[in-house]
Amino acid sequence: MADLTLVMGNRNYSSWSLRPWLLMRHAGLEFREVRIALDQPDTRQKILEYSPSGRVPVLIHGTLKVWDSLAICEYVSEALWGGRGWPRDSRVRAEARSAACEMHAGFAALRQELPMNCRARDRRVTLSAEGQADVDRMCEILESSRRRFGHEGRWLFGDFGVADAMFAPVALRFLSYGVDTPPETRDWCCRILRHPAMTEWIGSATAEAEVLEREERGRG
């Protein structure tokens, strides 16, 4: 996999970069990392050297470029990991994909009001009605997945897969802002935060020097 490169943003803030990185690390893939600091005068110019969309993450595999986090996860599962990113059962797989796609496309209020910040602890943010609705829906997905499919394995839909990677930043958000969650959600969050790749990511994130003020919500 010497020709496999993941271009990503700051670990502390870039939830979209975390998702494919986590899946690739869990899958045991070897890849080169290119980190581009966000919100700098030359950020967009640097990203455009790799990504046609001007955004991160982007996966480069030989001459191929994949420039969306969920699309990267799909490609990793299909082309590099023998399809193991999704459940084998077609009905469970369809539900896992639905959950991952809802995470990918929705929850705008939660993203804005509780931005991912790996270094943050004990932050307090008063959620809007829309933000609380996003938290409630998020917990509903996690609770339902664990209750119905947890017997198949330790993760949301049995074995660790794309859905777990897509929801992983949520566990960090809930930790940073002290969000109270129901039991199955709390159990999954604790498990994903203890994943060796997640602890590696968090350790690297806390060592970063950059501070993006717009992402520092709830600071006293």
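Colleague: Let me start with a detail. Which residues does Glu143 touch, not counting residues up to four places away in sequence?

Modeller: Glu143 touches Pro182, Pro183, Glu184 and Thr185 once you leave out residues up to four places away in sequence. Keep in mind that this is a predicted model.

Colleague: Where is the place of Glu143? And is it buried or exposed?

Modeller: Glu143 sits in helix 6. Its relative accessibility is 10%, so Glu143 counts as buried.

Colleague: You mentioned Thr185. What is Thr185 in contact with, leaving aside its neighbours within four places in sequence?

Modeller: Cys139, Leu142, Glu143 and Phe174, with those neighbours left aside. Thr185 belongs to helix 8, residues 183-193. Thr185 has 0% relative accessibility, so it counts as buried.

Colleague: OK, zooming out. How many helices and strands does the protein have?

Modeller: Nine helices and four strands. Reading from the N terminus, the order is β-α-β-α-β-β-α-α-α-α-α-α-α.

Colleague: And what does the C-alpha trace span along its principal axes?

Modeller: About 45 × 45 × 30 Å. The radius of gyration is 17 Å, and a compact globule with 220 residues would have one near 17 Å, so the two agree.

Colleague: How much of the protein counts as buried?

Modeller: Of the 220 residues, 53% count as buried. On contacts, take those with a separation of 6 or more: residues 24 or more positions apart account for 70% of them.

Colleague: Back to the helices. How are helix 7 and helix 8 placed relative to each other, roughly parallel or roughly perpendicular?

Modeller: Roughly perpendicular. Their axes cross at roughly 100 degrees and come within 9 Å.

Colleague: Which residues meet there?

Modeller: From helix 7 you have Asp164, Phe167, Ala168, Ala171, Leu172, Phe174 and Leu175, and they meet Thr185, Trp188, Cys189, Ile192 and Leu193 of helix 8. Sorted by class, the contact of helix 7 with helix 8 has ten nonpolar, one polar and one charged residues.

Colleague: Where does helix 7 bend?

Modeller: At Ala168, by about 35 degrees, and a proline, Pro169, follows within four residues. The helix covers residues 162-176.

Colleague: How many residues of helix 7 are buried, and what follows the helix?

Modeller: 14 of its 15 residues are buried, which leaves helix 7 mostly covered. After helix 7 comes Gly178, with a positive phi near 60 degrees.

Colleague: Which residues have a positive phi although they are not glycines?

Modeller: Asp39 has a positive phi of about 60 degrees without being a glycine, and Asp122 has a positive phi of about 60 degrees without being a glycine.

Colleague: Where do they sit?

Modeller: Asp39 is in the loop between strand 2 (32-35) and helix 2. Its relative accessible area is 42%, so Asp39 is partly exposed. Asp122 is in the loop between helix 5 (108-113) and helix 6 (129-149). With a relative accessible area of 64%, Asp122 is exposed.

Colleague: What joins Val56 and Pro57?

Modeller: A cis peptide bond, with omega at about 5 degrees. Pro57 lies in the loop between helix 2 (43-48) and strand 3 (58-61).

Colleague: What about Val58, where is it found?

Modeller: Val58 is in strand 3, and its relative accessibility of 0% means that Val58 counts as buried. Leaving out residues up to four places away in sequence, Val58 touches Thr5, Leu6, Val7, Tyr50, Ser51, Lys65, Val66, Trp67 and Ile72.

Colleague: One last topic. At what angle do helix 1 and helix 3 pack?

Modeller: About 10 degrees, with the axes of helix 1 (residues 15-26) and helix 3 (residues 69-80) 9 Å apart. That is why helix 1 is roughly parallel to helix 3. Helix 1 makes the contact with Trp16, Arg19, Pro20, Leu23 and Met24, and helix 3 with Ser69, Ile72, Cys73 and Val76. By class, that contact has seven nonpolar, one polar and one charged residues.

Key: Residues numbered from 1 in each chain as written. Predicted model: local features only at pLDDT ≥ 70, side-chain atom pairs only at ≥ 80, totals over all residues. Heavy atoms only, no water. Bend = angle between axes of the 7 residues up to and from the residue. Helix = DSSP H or I, 4+ residues; strand = E, 2+ residues; numbered from the N terminus. Buried < 20%, exposed > 50% of the residue type's maximum accessible area, 1.4 Å probe, protein only. Contact = heavy atoms within 4.5 Å. Axes fitted to C-alpha atoms, helices over the stretch in contact; angles between N-to-C directions. Parallel < 35°, antiparallel > 145°, perpendicular 65-115°, else oblique. Nonpolar A, V, L, I, M, F, W, Y, C, P; charged D, E, K, R; others polar. Rg over C-alpha atoms; globule rule 2.2 N^0.38 Å.
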